[in-house]
Amino acid sequence: MTIKNSSGEALQKRANDSIMPLYPHKHIALEKADGCYLYDTDGNKYLDCAAGIAVSSLGHNHPAFNKGVQEQLDKGFTMCVGSFAHEPKVNAAELLVNNCCSDKIFFCNSGAEAVEGALKLARAYAHYNRSEDCKEFIVFKNSFHGRTYGAVSGTQKSLSQPQFGPYLPGYHFADFNDLDSVKALITDKICGVLVEPVQGEGGLTAGTTEFLQGLQKLCNDNDIILISDEIQTGIGRMGTLFAHAHFDYEPDIITLAKGIGGGFPVGAFMAKDHVCSVFKPGDHGTTYGGNPLATNVVYHVVSEIVKPEFLARVREASAYFYDQLEALQAETGDAITAIKGQGLMIGLDTKFQIKELLAELLENGLVATQAGKNTLRLTPPLTISNTEIDEAIKKIKTVITSDNLPCLE
Ligand SMILES: Cc1ncc(COP(=O)(O)O)c(C=O)c1O
(Lines give C-alpha, C1' and ligand atoms only; values in the text may rest on other atoms or scores of the structure.)
Protein backbone atom coordinates (compact mmCIF):
# COMPACT_ATOMS: atom_id res chain seq x y z
CA MET A 1 0.00 0.00 0.00
CA THR A 2 1.37 3.39 -0.95
CA ILE A 3 -0.67 6.33 0.25
CA LYS A 4 -0.87 9.44 -1.91
CA ASN A 5 -2.09 12.76 -0.58
CA SER A 6 -2.35 14.86 -3.73
CA SER A 7 -3.86 17.93 -2.09
CA GLY A 8 -1.05 17.88 0.47
CA GLU A 9 1.51 18.94 -2.08
CA ALA A 10 0.01 22.40 -2.58
CA LEU A 11 -0.07 22.96 1.16
CA GLN A 12 3.52 21.75 1.45
CA LYS A 13 4.54 24.41 -1.10
CA ARG A 14 2.66 27.16 0.75
CA ALA A 15 4.27 26.04 4.01
CA ASN A 16 7.72 26.12 2.48
CA ASP A 17 7.06 29.60 1.06
CA SER A 18 5.85 31.13 4.30
CA ILE A 19 7.44 29.26 7.22
CA MET A 20 11.11 29.24 8.22
CA PRO A 21 12.82 26.14 6.88
CA LEU A 22 13.53 24.55 10.26
CA TYR A 23 11.26 21.57 9.69
CA PRO A 24 11.32 20.21 6.12
CA HIS A 25 7.60 19.89 5.43
CA LYS A 26 6.30 16.51 4.35
CA HIS A 27 4.20 16.18 1.23
CA ILE A 28 1.39 14.91 3.38
CA ALA A 29 -0.81 17.57 4.95
CA LEU A 30 -2.74 16.54 8.03
CA GLU A 31 -6.26 17.72 8.69
CA LYS A 32 -7.87 15.89 11.59
CA ALA A 33 -7.31 13.19 14.17
CA ASP A 34 -9.17 10.72 16.30
CA GLY A 35 -7.89 8.17 18.82
CA CYS A 36 -4.55 6.82 17.57
CA TYR A 37 -5.16 7.95 13.98
CA LEU A 38 -4.29 11.04 11.97
CA TYR A 39 -6.07 11.88 8.70
CA ASP A 40 -4.67 13.83 5.76
CA THR A 41 -6.49 16.30 3.54
CA ASP A 42 -7.61 13.46 1.24
CA GLY A 43 -9.00 11.43 4.13
CA ASN A 44 -6.14 8.88 4.21
CA LYS A 45 -5.57 7.36 7.62
CA TYR A 46 -2.24 7.09 9.51
CA LEU A 47 -1.52 5.21 12.72
CA ASP A 48 0.10 7.77 14.97
CA CYS A 49 3.14 6.23 16.65
CA ALA A 50 4.64 9.65 17.26
CA ALA A 51 1.84 11.42 19.16
CA GLY A 52 3.51 14.79 18.52
CA ILE A 53 6.64 13.18 20.03
CA ALA A 54 5.17 11.81 23.23
CA VAL A 55 2.64 14.62 23.60
CA SER A 56 -0.85 13.31 22.79
CA SER A 57 -0.83 10.98 25.77
CA LEU A 58 -4.55 10.22 25.54
CA GLY A 59 -4.53 10.07 21.78
CA HIS A 60 -6.57 12.54 19.77
CA ASN A 61 -10.06 13.80 20.46
CA HIS A 62 -10.15 12.12 23.89
CA PRO A 63 -13.17 13.10 26.01
CA ALA A 64 -10.99 14.07 29.01
CA PHE A 65 -8.85 16.41 26.93
CA ASN A 66 -11.89 17.86 25.19
CA LYS A 67 -13.64 18.38 28.51
CA GLY A 68 -10.62 20.25 29.85
CA VAL A 69 -10.76 22.67 26.94
CA GLN A 70 -14.54 22.96 26.56
CA GLU A 71 -15.32 23.43 30.25
CA GLN A 72 -13.06 26.48 30.40
CA LEU A 73 -14.30 27.89 27.11
CA ASP A 74 -17.86 27.60 28.42
CA LYS A 75 -16.86 29.69 31.42
CA GLY A 76 -15.23 32.26 29.13
CA PHE A 77 -12.27 32.16 31.53
CA THR A 78 -9.04 31.29 29.83
CA MET A 79 -6.53 33.80 31.17
CA CYS A 80 -5.74 35.84 34.26
CA VAL A 81 -2.58 37.14 35.90
CA GLY A 82 -0.61 34.56 37.83
CA SER A 83 -1.29 35.98 41.28
CA PHE A 84 -4.99 35.02 41.20
CA ALA A 85 -5.91 31.60 42.52
CA HIS A 86 -8.40 29.64 40.45
CA GLU A 87 -9.73 26.09 40.66
CA PRO A 88 -8.11 24.65 37.53
CA LYS A 89 -4.61 25.69 38.60
CA VAL A 90 -5.06 24.53 42.19
CA ASN A 91 -6.76 21.28 41.16
CA ALA A 92 -3.95 20.46 38.71
CA ALA A 93 -1.27 21.41 41.24
CA GLU A 94 -2.77 19.30 44.03
CA LEU A 95 -3.26 16.32 41.74
CA LEU A 96 0.39 16.32 40.65
CA VAL A 97 1.89 17.15 44.03
CA ASN A 98 -0.22 14.53 45.84
CA ASN A 99 1.07 11.85 43.50
CA CYS A 100 4.74 12.83 43.62
CA CYS A 101 7.73 13.08 45.96
CA SER A 102 7.80 16.84 45.22
CA ASP A 103 5.93 19.34 47.40
CA LYS A 104 5.22 22.23 45.02
CA ILE A 105 4.80 22.98 41.32
CA PHE A 106 5.19 25.92 38.98
CA PHE A 107 3.33 25.87 35.66
CA CYS A 108 4.90 27.29 32.50
CA ASN A 109 4.34 26.75 28.78
CA SER A 110 6.90 24.36 27.34
CA GLY A 111 9.62 21.89 28.14
CA ALA A 112 12.52 24.25 27.58
CA GLU A 113 10.88 26.78 29.87
CA ALA A 114 10.47 24.13 32.56
CA VAL A 115 14.17 23.28 32.26
CA GLU A 116 15.13 26.98 32.51
CA GLY A 117 13.10 27.31 35.70
CA ALA A 118 14.67 24.16 37.14
CA LEU A 119 18.20 25.38 36.37
CA LYS A 120 17.48 28.75 37.98
CA LEU A 121 16.05 27.07 41.06
CA ALA A 122 19.07 24.77 41.42
CA ARG A 123 21.42 27.75 41.15
CA ALA A 124 19.43 29.80 43.64
CA TYR A 125 19.42 26.89 46.09
CA ALA A 126 23.19 26.53 45.87
CA HIS A 127 23.69 30.30 46.05
CA TYR A 128 21.94 30.51 49.43
CA ASN A 129 22.91 27.12 50.85
CA ARG A 130 26.41 26.45 49.55
CA SER A 131 28.36 29.30 47.96
CA GLU A 132 27.85 32.18 45.58
CA ASP A 133 30.05 30.61 42.96
CA CYS A 134 28.45 27.19 43.06
CA LYS A 135 26.66 27.61 39.70
CA GLU A 136 27.77 24.76 37.43
CA PHE A 137 25.97 21.67 36.14
CA ILE A 138 26.78 18.09 35.23
CA VAL A 139 24.82 16.97 32.17
CA PHE A 140 25.15 13.98 29.84
CA LYS A 141 26.43 13.11 26.43
CA ASN A 142 23.53 12.50 24.01
CA SER A 143 21.24 14.57 26.21
CA PHE A 144 18.43 16.81 25.05
CA HIS A 145 16.81 19.47 27.23
CA GLY A 146 15.40 22.04 24.82
CA ARG A 147 16.38 25.01 22.73
CA THR A 148 16.58 28.01 25.03
CA TYR A 149 20.08 29.00 26.12
CA GLY A 150 20.13 27.41 29.57
CA ALA A 151 18.59 24.19 28.24
CA VAL A 152 20.57 24.00 25.03
CA SER A 153 23.85 24.63 26.85
CA GLY A 154 23.21 21.31 28.60
CA THR A 155 22.27 19.59 25.35
CA GLN A 156 25.04 17.80 23.53
CA LYS A 157 23.97 19.05 20.13
CA SER A 158 25.08 22.56 21.14
CA LEU A 159 28.66 21.31 20.90
CA SER A 160 28.19 20.90 17.13
CA GLN A 161 26.33 24.22 16.62
CA PRO A 162 28.94 26.93 17.13
CA GLN A 163 26.86 29.37 15.08
CA PHE A 164 24.61 29.96 18.10
CA GLY A 165 27.41 30.37 20.63
CA PRO A 166 28.57 31.46 23.07
CA TYR A 167 26.56 29.10 25.25
CA LEU A 168 26.32 29.34 29.04
CA PRO A 169 29.60 28.34 30.66
CA GLY A 170 29.85 25.74 33.41
CA TYR A 171 28.20 22.67 31.85
CA HIS A 172 30.19 19.45 32.11
CA PHE A 173 29.24 16.42 30.00
CA ALA A 174 29.45 13.01 31.70
CA ASP A 175 28.83 9.60 30.13
CA PHE A 176 25.25 8.40 30.53
CA ASN A 177 24.93 5.28 32.72
CA ASP A 178 28.48 5.74 34.00
CA LEU A 179 28.53 6.89 37.61
CA ASP A 180 32.33 7.10 37.73
CA SER A 181 32.32 9.66 34.94
CA VAL A 182 29.92 11.77 37.04
CA LYS A 183 32.05 11.39 40.18
CA ALA A 184 35.08 12.57 38.25
CA LEU A 185 33.31 15.86 37.41
CA ILE A 186 32.12 16.74 40.91
CA THR A 187 33.71 19.88 42.39
CA ASP A 188 32.57 22.54 44.88
CA LYS A 189 31.16 24.48 41.94
CA ILE A 190 28.61 21.87 40.87
CA CYS A 191 25.12 22.91 41.98
CA GLY A 192 23.08 20.48 39.91
CA VAL A 193 22.92 17.30 37.83
CA LEU A 194 20.41 17.32 34.98
CA VAL A 195 19.39 13.91 33.64
CA GLU A 196 16.76 12.29 31.43
CA PRO A 197 15.77 8.89 32.88
CA VAL A 198 15.52 7.63 29.29
CA GLN A 199 17.39 9.71 26.73
CA GLY A 200 14.78 10.60 24.14
CA GLU A 201 16.23 12.67 21.33
CA GLY A 202 19.62 11.08 21.98
CA GLY A 203 18.41 7.66 20.79
CA LEU A 204 16.15 6.00 23.39
CA THR A 205 18.86 4.84 25.77
CA ALA A 206 17.26 3.93 29.09
CA GLY A 207 19.07 4.80 32.29
CA THR A 208 19.73 1.79 34.47
CA THR A 209 18.08 1.73 37.87
CA GLU A 210 21.51 1.31 39.44
CA PHE A 211 22.80 4.42 37.66
CA LEU A 212 19.80 6.63 38.45
CA GLN A 213 19.68 5.55 42.08
CA GLY A 214 23.46 6.00 42.32
CA LEU A 215 23.07 9.51 40.91
CA GLN A 216 20.57 10.36 43.60
CA LYS A 217 22.93 9.12 46.35
CA LEU A 218 25.85 11.02 44.86
CA CYS A 219 23.78 14.20 44.74
CA ASN A 220 22.44 13.75 48.27
CA ASP A 221 25.93 13.12 49.65
CA ASN A 222 27.25 16.31 48.02
CA ASP A 223 24.20 18.60 48.50
CA ILE A 224 23.83 18.75 44.73
CA ILE A 225 20.36 19.22 43.24
CA LEU A 226 19.24 16.28 41.09
CA ILE A 227 16.97 17.45 38.28
CA SER A 228 15.02 14.69 36.57
CA ASP A 229 13.99 15.86 33.11
CA GLU A 230 10.77 13.90 32.64
CA ILE A 231 9.47 16.01 29.78
CA GLN A 232 9.39 13.04 27.41
CA THR A 233 9.37 10.15 29.90
CA GLY A 234 6.91 11.50 32.47
CA ILE A 235 3.12 11.44 32.93
CA GLY A 236 2.41 7.79 32.34
CA ARG A 237 4.83 6.97 29.55
CA MET A 238 6.85 4.57 31.73
CA GLY A 239 3.68 2.99 33.12
CA THR A 240 4.02 5.08 36.29
CA LEU A 241 2.79 8.66 36.62
CA PHE A 242 6.36 9.96 37.00
CA ALA A 243 9.38 8.40 35.36
CA HIS A 244 11.52 8.50 38.52
CA ALA A 245 8.94 6.27 40.23
CA HIS A 246 9.55 3.62 37.56
CA PHE A 247 13.28 3.66 38.34
CA ASP A 248 12.68 4.18 42.07
CA TYR A 249 14.78 7.28 42.75
CA GLU A 250 13.83 10.66 44.23
CA PRO A 251 14.92 13.78 42.41
CA ASP A 252 14.93 17.23 44.01
CA ILE A 253 13.40 18.89 40.95
CA ILE A 254 11.31 17.37 38.14
CA THR A 255 10.60 18.98 34.78
CA LEU A 256 7.43 18.16 32.84
CA ALA A 257 5.79 19.15 29.55
CA LYS A 258 4.58 17.16 26.50
CA GLY A 259 2.21 14.50 27.91
CA ILE A 260 1.09 16.64 30.84
CA GLY A 261 -1.18 18.63 28.53
CA GLY A 262 -2.03 15.73 26.23
CA GLY A 263 -1.68 18.07 23.23
CA PHE A 264 -2.15 21.44 24.90
CA PRO A 265 1.09 23.45 25.19
CA VAL A 266 2.03 23.46 28.85
CA GLY A 267 5.06 22.72 31.00
CA ALA A 268 5.85 22.63 34.70
CA PHE A 269 8.59 22.04 37.20
CA MET A 270 8.15 20.55 40.64
CA ALA A 271 10.41 20.60 43.67
CA LYS A 272 10.74 19.60 47.27
CA ASP A 273 9.90 22.34 49.81
CA HIS A 274 13.42 22.77 51.16
CA VAL A 275 14.56 23.51 47.59
CA CYS A 276 11.79 25.76 46.25
CA SER A 277 11.56 27.78 49.46
CA VAL A 278 14.55 29.77 48.15
CA PHE A 279 12.23 31.29 45.51
CA LYS A 280 10.69 34.58 46.64
CA PRO A 281 7.83 36.43 44.86
CA GLY A 282 9.15 38.00 41.67
CA ASP A 283 12.24 35.75 41.39
CA HIS A 284 10.74 33.90 38.44
CA GLY A 285 7.55 34.22 36.39
CA THR A 286 5.59 33.78 33.18
CA THR A 287 2.69 35.50 31.44
CA TYR A 288 0.78 32.44 30.28
CA GLY A 289 1.98 29.78 32.72
CA GLY A 290 -0.75 28.37 34.97
CA ASN A 291 -3.57 29.92 32.97
CA PRO A 292 -7.07 28.47 33.57
CA LEU A 293 -7.38 26.88 30.14
CA ALA A 294 -4.05 25.03 30.17
CA THR A 295 -4.33 23.90 33.78
CA ASN A 296 -7.90 22.69 33.34
CA VAL A 297 -6.64 20.50 30.51
CA VAL A 298 -3.76 19.29 32.71
CA TYR A 299 -6.20 18.47 35.47
CA HIS A 300 -8.49 16.39 33.25
CA VAL A 301 -5.70 14.69 31.30
CA VAL A 302 -3.67 13.75 34.39
CA SER A 303 -6.84 12.63 36.25
CA GLU A 304 -7.26 10.04 33.51
CA ILE A 305 -3.63 8.91 33.41
CA VAL A 306 -3.20 8.61 37.18
CA LYS A 307 -5.90 5.91 37.40
CA PRO A 308 -4.24 2.63 38.42
CA GLU A 309 -6.04 0.74 35.64
CA PHE A 310 -4.81 3.25 33.05
CA LEU A 311 -1.18 2.90 34.17
CA ALA A 312 -1.50 -0.89 34.36
CA ARG A 313 -2.70 -0.88 30.75
CA VAL A 314 0.31 1.24 29.69
CA ARG A 315 2.62 -1.37 31.24
CA GLU A 316 0.68 -4.15 29.49
CA ALA A 317 0.78 -2.32 26.13
CA SER A 318 4.51 -1.73 26.52
CA ALA A 319 5.20 -5.41 27.30
CA TYR A 320 3.07 -6.47 24.34
CA PHE A 321 4.80 -4.00 21.99
CA TYR A 322 8.28 -5.19 23.04
CA ASP A 323 7.24 -8.87 22.70
CA GLN A 324 5.95 -8.28 19.19
CA LEU A 325 9.08 -6.34 18.24
CA GLU A 326 11.31 -9.11 19.52
CA ALA A 327 9.33 -11.63 17.48
CA LEU A 328 9.68 -9.37 14.42
CA GLN A 329 13.41 -9.03 15.03
CA ALA A 330 13.78 -12.81 15.15
CA GLU A 331 11.69 -13.21 12.01
CA THR A 332 13.43 -10.58 9.85
CA GLY A 333 17.07 -11.67 10.09
CA ASP A 334 19.50 -8.80 10.50
CA ALA A 335 17.06 -5.95 9.71
CA ILE A 336 16.55 -4.84 13.31
CA THR A 337 19.86 -4.46 15.11
CA ALA A 338 18.63 -3.27 18.52
CA ILE A 339 15.41 -2.71 20.44
CA LYS A 340 15.73 0.08 22.97
CA GLY A 341 13.79 2.38 25.27
CA GLN A 342 11.36 1.75 28.08
CA GLY A 343 7.61 1.91 28.62
CA LEU A 344 5.85 3.35 25.59
CA MET A 345 8.98 5.15 24.48
CA ILE A 346 10.47 2.62 22.12
CA GLY A 347 13.55 2.75 19.91
CA LEU A 348 14.50 0.48 17.01
CA ASP A 349 17.93 0.50 15.45
CA THR A 350 17.83 -0.99 11.99
CA LYS A 351 20.28 -1.58 9.17
CA PHE A 352 18.37 0.94 7.03
CA GLN A 353 18.79 4.68 6.51
CA ILE A 354 16.37 6.30 8.91
CA LYS A 355 15.07 9.08 6.64
CA GLU A 356 14.04 6.60 3.94
CA LEU A 357 12.65 4.20 6.52
CA LEU A 358 10.43 6.93 8.01
CA ALA A 359 9.28 8.05 4.56
CA GLU A 360 8.32 4.48 3.59
CA LEU A 361 6.50 3.96 6.88
CA LEU A 362 4.55 7.15 6.27
CA GLU A 363 3.56 6.00 2.80
CA ASN A 364 2.36 2.81 4.44
CA GLY A 365 0.27 4.73 6.94
CA LEU A 366 2.50 4.84 10.01
CA VAL A 367 3.79 8.03 11.60
CA ALA A 368 6.98 7.65 13.64
CA THR A 369 10.01 9.86 14.31
CA GLN A 370 13.78 9.77 14.35
CA ALA A 371 15.92 9.86 17.48
CA GLY A 372 19.70 9.94 17.68
CA LYS A 373 21.62 9.25 14.49
CA ASN A 374 19.59 6.35 13.17
CA THR A 375 17.00 5.22 15.68
CA LEU A 376 13.34 4.78 14.77
CA ARG A 377 11.32 6.21 17.66
CA LEU A 378 7.84 4.98 18.56
CA THR A 379 6.01 7.09 21.13
CA PRO A 380 2.36 6.23 20.50
CA PRO A 381 -0.57 7.55 22.51
CA LEU A 382 -0.70 5.76 25.87
CA THR A 383 -4.15 4.55 24.84
CA ILE A 384 -2.84 2.37 22.01
CA SER A 385 -4.63 -1.01 21.84
CA ASN A 386 -3.05 -4.40 21.11
CA THR A 387 -4.84 -4.40 17.74
CA GLU A 388 -3.20 -1.08 16.89
CA ILE A 389 0.17 -2.40 18.07
CA ASP A 390 -0.33 -5.39 15.73
CA GLU A 391 -1.07 -2.94 12.91
CA ALA A 392 2.13 -0.99 13.67
CA ILE A 393 4.17 -4.23 13.67
CA LYS A 394 2.61 -5.30 10.37
CA LYS A 395 3.46 -1.98 8.72
CA ILE A 396 7.04 -2.04 10.05
CA LYS A 397 7.39 -5.60 8.77
CA THR A 398 6.06 -4.68 5.32
CA VAL A 399 8.55 -1.84 5.03
CA ILE A 400 11.67 -3.54 6.37
CA THR A 401 11.12 -6.63 4.23
CA SER A 402 10.28 -4.72 1.04
CA ASP A 403 13.74 -4.51 -0.58
CA ASN A 404 13.06 -0.80 -1.17
CA LEU A 405 15.22 0.67 1.51
CA PRO A 406 18.83 1.83 1.29
CA CYS A 407 21.06 0.32 3.95
CA LEU A 408 23.47 2.18 6.20
CA GLU A 409 26.90 2.65 4.66
C1 LIG B 1 13.78 15.46 27.63
C2 LIG B 1 13.33 16.75 27.01
N3 LIG B 1 13.57 17.91 27.63
C4 LIG B 1 13.18 19.09 27.11
C5 LIG B 1 12.53 19.16 25.90
C6 LIG B 1 12.12 20.49 25.33
O7 LIG B 1 10.73 20.61 25.33
P8 LIG B 1 10.02 21.71 24.40
O9 LIG B 1 10.22 21.31 22.99
O10 LIG B 1 8.58 21.69 24.85
O11 LIG B 1 10.67 23.02 24.72
C12 LIG B 1 12.29 17.98 25.20
C13 LIG B 1 11.63 18.01 23.88
O14 LIG B 1 11.72 17.12 23.08
C15 LIG B 1 12.68 16.74 25.77
O16 LIG B 1 12.47 15.57 25.13
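This is a predicted model: local features need pLDDT of at least 70, side-chain atom pairs count only at pLDDT 80 or more; totals for chains, interfaces and linings use all residues.
In which handedness of crossing does α13 pass α14?

**View 1. Packing of helix α13 against helix α14.** Helix α13 passes α14 in a right-handed crossing. The axes of α13, which spans residues 354-363, and of α14 come within 10 Å and cross at roughly 125 degrees. On the α13 side the contact is formed by Leu357, Glu360 and Leu361, and on the α14 side by Lys395, Ile396 and Val399. Sorted by class, this contact holds four nonpolar residues, no polar residues and two charged residues.

**View 2. Packing of helix α12 against helix α14.** Helix α12 covers residues 308-331 and packs on α14 at an angle of about 25 degrees, with the axes 10 Å apart. Angles under 35 degrees count as roughly parallel, and α12 and α14 are therefore described in that way. The crossing in which α12 passes α14 is right-handed. Helix α12 contributes Ala317, Tyr320, Phe321, Gln324 and Leu328 to the contact, while α14 contributes Asn386, Ile389, Ile393, Ile396 and Lys397. The residues of this contact comprise seven nonpolar, two polar and one charged.

View 3. An open sheet is built from four strands in the order β1-β2-β3-β15, with mixed pairing. Strands β1 (30-34) and β15 (366-367) are at the edges and have a single partner strand each, so one side of each lacks a neighbour in the sheet. Helix α14, residues 386-400, lies across β3 and β15 and runs at about 105 degrees to β3.

View 4. Strands β1 and β2 run antiparallel and are joined by four bridges. Together they form a hairpin with two residues between the strands, and glycine 35 in the turn has a positive phi of about 60 degrees. Aspartate 34 stands opposite tyrosine 37 of β2. Tyrosine 37 also has a bridge partner in β3, namely leucine 47. Strand β2 (residues 37-40) pairs with strand β3 (residues 45-48) in the antiparallel sense, over three bridges.

**View 5. The antiparallel sheet.** Strand β16 and strand β17 (residues 375-378) are paired in the antiparallel sense over three bridges. Within this pair, glutamine 370 stands opposite leucine 376 of β17.

**View 6. The shell around the ligand.** The ligand is surrounded by 15 residues, the closest being Gly111, Ala112, Gly146, Ile231 and Gln232. Helix α5 (residues 111-129) supplies the largest share of this shell, three residues. By class, the shell consists of six nonpolar, six polar and three charged residues.

Definitions and conventions
Residues are numbered from 1 along each chain as its sequence is written. Two strands pair if DSSP finds at least two bridges between them. Two residues are in contact if their C-beta atoms, placed from the backbone, lie within 7 Å. Axes are lines fitted to C-alpha atoms, for helices over the stretch in contact, and angles run from 0 to 180 degrees between N-to-C directions. A residue is near a molecule or strand if its C-beta atom, placed from the backbone, lies within 6 Å of it. Ala, Val, Leu, Ile, Met, Phe, Trp, Tyr, Cys and Pro count as nonpolar, Asp, Glu, Lys and Arg as charged, and the others, Gly among them, as polar. Angles under 35 degrees count as roughly parallel, over 145 as roughly antiparallel, 65 to 115 as roughly perpendicular and the rest as oblique. A crossing is left-handed if the near helix is turned anticlockwise from the far one by less than a right angle, and right-handed if clockwise.
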